[in-house]
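Me: I'd like to go through this model with you, a piece at a time. Here it is.

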Amino acid sequence: METRQLQADQLRFAVIGSVDDGKSTLIGRLFYDTHSLVQDQIESLRTEKNSSELNLAHLTDGLKDEREQGITIDVAYRFFSTEKRKFIVVDCPGHIEYTRNMVTGVSHCNAAVILIDATRGIRTQTKRHAFITSLMGVKHLVVCVNKIDLVSDKEKVFEDIKNNFTTFMSQLSIPDVTFIPMSALNGDNVVEKSERISWYKGTSLLQHLENLFLVTDDNHKDCRFPVQRVIRANGASKEPFRGYAGSVESGVFKKGDEVLLLPSQFKTHISEIFQYQNTVEEAFTPMSVVMTLEGDFELSRGDMIVKQNNPPQIAKELDLMVCWLNQKAFNQETRFILKHTTKETQAYVEEVLYKLNIETLKKEEEVRSVEMNDIVRLKVQCAEPLFVDKYKTNKNTGALIFIDSKTNETVGAGFVL
Amino acid sequence: MLNSPYTLDYLTALESESIHILREAASVFSKSCLLFSGGKDSIVMSHLAYRAFWPAKIPFSFLHIDTGHNFDETIAFRDYLVGELQVNLIVASVEESIKRGDVIEESGVNASRNSLQSITLMTAIRENAFDCCFGGGRRDEEKARAKERVFSHRDAFGQWKPKNQRPELWKLLNGNKKFGENFRVFPLSNWTELDIWNYIAKEKIEVPSLYYAHKRDVFQRDGSLYAAHECVKRLDDEFVEKREVRFRTIGDITCTSAVESSADNIEKVINELKHSSHSERGFRMDDKRSDSALEDRKRQGYF
């Protein structure tokens with residue numbers, strides 16, 4: 001077995017854009033030109049049986065149900081790998097329900113690829129896409145200026161788009177933005193660097209993604225271990241086993257560390273950290289482990305093990321940016337369940353502070369109703385305190401979802417401010 | 001490539017994600033079961049379940065939907081594994097569903113009990129009051145799976161409805177439900193076929209011998225090789241011959257085809273997969289019935 005394959009790290013990236021921008025063609029190209037499609041898949045892409053012409057966009061075709069009902073199930077996950085990296089492509093449809101799709105898809109990614117049609121330039125939707133990418137805290141953005149083969153003054157068109165977009169991006173907070181001129185249809189600058197676009201000195205999209213030096217999203221500073229489950233077992237001879245299972249959301253926990261238990265505020269030490277049958281000296285995100293503690297404490301699902309020197313905020317009243325994902329209107333009487341790490345609590349919206357116009361990035365303070373795809377700032381009251389951090393510094397403990405307590409649907413995505 | 005000393009290799013990261021999902025589901029649902037088919041995915045899932053709850057025992061039963069058309073090796077392996085893991089095994093039989101008249105057996109040359117499994121599964125879910133069934137489905141398998149949720153909502157009729165699926169953000173899985181509804185939970189969503197084999201190799205997990213090259217009586221149909229067995233009807237011009245084959249997926253005998261192969265150990269299997277010109281589901285007759293065969297079965301309550 002090649003050890004290189006085992007060591008290769010994984011990049012999950014979102015591709016954002018609508019059908020018109022050539023998103024499906026781009027994804028088809030990435031798979032075809034990296035030889036990630038096998039014979040039976042290639043056969044299904046032929047425009048006609050035995051034809052040599054392939055419709056690459058067909059690879060991302062919707063399900064029968066979507067075609068019949070004219071709906072889009074939000075996000076599709078596709079896989080390919082090269083010698084350098086394993087990739088999960090998170091395919092976010094950009095048209096109807098765009099914000100909802102994007103927020104969902106991008107929440108699983110460390111990079112995003114946005115498509116701009118060179119013949120049409122920057123459109124409102126491009127700005128929305130960039131804004132949401134920034135809101136979600138994605139650090140790497142690639143802007144593909146597609147259909148470059150269809151414009152006459154190629155270099156000027158590309159530079160104009162780049163300059164205009166850079167001006168807009170200065171209001172956002174994505175540290176790494178790269179522009180690539182491209183023709184997904186012809187395969188120029190998708191996998192291989194194109195000879196035809198000789199004036200462009202950068203790399204192809206794939207080369208860029210393969211070599212992206214990831215600014216890790218993982219927070220290794222603030223120790224947060226939400227208890228997912230208490231594990232009890234009776235040993236034959238020894239004392240009964242009582243351990244706390246969960247995933248390390250941030251920080252590094254070491255055997256013997258002094259820890260603080262929330263909400264009880266008791267202090268104790270970590271006896272052992274188990275990664276299944278093995279004991280480990282330290283645990284960090286995203287490891288799933290079981291911790292045992294010195295002494296007996298009441299600690300159950302939804303509680304959190306942290307460190308005293310930098311505990312999270314313990315809050316019943318939350319200040320949130322929220323992307324609303326549902327059509328149903330709500331008011332102060334509407335009861336939601338907030339799910340944050342492994343804890344759920346009842347909550348209601350006390351105040352809608354403003355709605356953000358994502359085209360102009362201006363605040364609109366008179367909000368009559370919150371609708372699907374709106375980005376709003378809310379003041380929320382919870383029945384029980386949550387142990388939160390700012391989303392900007394800790395995604396895992398700064399993110400939460402709103403669940404409608406009547407329908408059980410997931411209706412909002414919240415970011416702690 | 002990451003600028004931090006605290007990184008996991010990708011198989012450990014995938015394992016960690018799956019363990020998180022298994023623990024989460026076992027904690028939010030009241031009665032779970034693991035759908036055990038005897039195939040490599042459900043074997044890896046069993047292994048992960050063992051790890052997720054250790055040193056406690058796996059806190060749910062295994063459920064096998066038995067079409068009655070199994071390879072002997074699959075059943076022997078199932079019974080061995082269940083014994084090793086000390087879990088309770090429930091066998092729900094398609095044969096019983098046919099006897100009761102809940103379903104009608106297909107006839108003809110390509111007859112299979114594969115799609116009948118959905119009814120047997122739903123009966124088992126109802127009788128045992130399961131509200132969560134762990135399945136070994138992976139998103140890389142097929143386009144109907146590419147859009148599957150980790151927590152996949154099913155209504156009281158067991159149906160998967162695209163419109164009912166909830167947006168899944170970050171690691172925050174929503175398992176809230178109404179009475180009678182249930183969830184299929186897919187801990188292996190983000191694994192690929194190659195990841196599964198690399199993990200089996202890394203962890204030295206045992207799998208049924210069917211996955212490795214062996215000599216077997218087979219016959220050809222539509223360019224594929226099928227095991228010669230009493231439950232598969234052969235046409236007059238379909239002759240049985242002995243060949244060296246292995247299976248890439250293991251399901252019901254009637255719909256699982258073999259490949260000619262000399263890959264008799266895990267390294268060879270992995271190497272063969274890297275150079276394969278066909279997808280895994282290309283060996284499943286049940287998916288070849290139509291372009292949306294898997295999607296259609298899912299809507300009828302399939303795994």
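Me: How many bridges join β4(A) to strand β5 of chain A, and do they run parallel or antiparallel?

Reply: Seven bridges join β4(A) to β5 (residues 140–146) of chain A, and the two strands run parallel; helices (H or I, at least four residues) and strands (E, at least two) are DSSP runs, numbered from the N terminus. This is a predicted model, in which local features need pLDDT of at least 70 and side-chain atom pairs count only at pLDDT 80 or more, while totals for chains, interfaces and linings use all residues. Residues are numbered from 1 along each chain as its sequence is written, chains are lettered from A and ligands numbered from 1 in the order in which they are written, and side-chain values use heavy atoms, with hydrogens and water left out.

Me: Which residue is the bridge partner of I114(A) in β5(A)?

Reply: I114(A) has V143(A) as its bridge partner there.

Me: What is the strand order in the open sheet of chain A?

Reply: The six strands follow the order β2-β3-β1-β4-β5-β6, with mixed pairing, where two strands pair if DSSP finds at least two bridges between them. At the edges stand β2 and β6 (176–181) of chain A, each with a single partner strand, so one side of each lacks a neighbour in the sheet. From one strand to the next the twist averages 25 degrees.

Me: And which strands does helix α7 of chain A lie across?

Reply: Helix α7 (residues 154–169) of chain A lies across β4, β5 and β6 of chain A, and runs at about 160 degrees to β6(A). Axes here are lines fitted to C-alpha atoms, for helices over the stretch in contact, and angles run from 0 to 180 degrees between N-to-C directions.

Me: Why is helix α2 of chain A largely enclosed?

Reply: Because nine of the eleven residues of α2(A) (residues 23–33) are buried, the helix is largely enclosed by the rest of the structure; buried means under 20% relative accessible area, exposed over 50%, and partly exposed in between, with a 1.4 Å probe and protein chains only. The buried residues run K23(A), S24(A), T25(A), L26(A), I27(A), G28(A), R29(A), L30(A) and F31(A). Their cover includes β1 (10–17), β2 (76–81), β3 (86–93), β4 (111–117) and α8 (205–211) of chain A. Just after α2(A), H35(A) takes a positive phi of about 55 degrees.

Me: Switching to chain B, how do the axes of α1 and α7 cross?

Reply: The axes of α1 (residues 10–28) and α7 (residues 193–203) of chain B come within 11 Å and cross at roughly 100 degrees. That makes α1(B) roughly perpendicular to α7(B), a label for angles of 65 to 115 degrees, whereas those under 35 count as roughly parallel, over 145 as roughly antiparallel and the rest as oblique. In the contact (heavy atoms within 4.5 Å), α1(B) supplies Y10(B), L11(B), T12(B), L14(B) and E15(B), and α7(B) supplies D195(B), N198(B), Y199(B), K202(B) and E203(B).

Me: Is strand β5 of chain B covered on one face or both?

Reply: Both faces are covered, with F151(B) and H153(B) on one side and S152(B) and R154(B) on the other, all buried. Four bridges join β5(B) to β6 (residues 182–185) of chain B, and these strands run antiparallel; R154(B) has N182(B) as its bridge partner.

Me: How many disulfides are there over all chains?

Reply: The count is zero, a disulfide being a pair of cysteine sulfur atoms within 2.5 Å. For C323(A), the nearest cysteine sulfur, that of C92(A), is 12 Å away, and C323(A) is buried at a relative accessible area of 0%.
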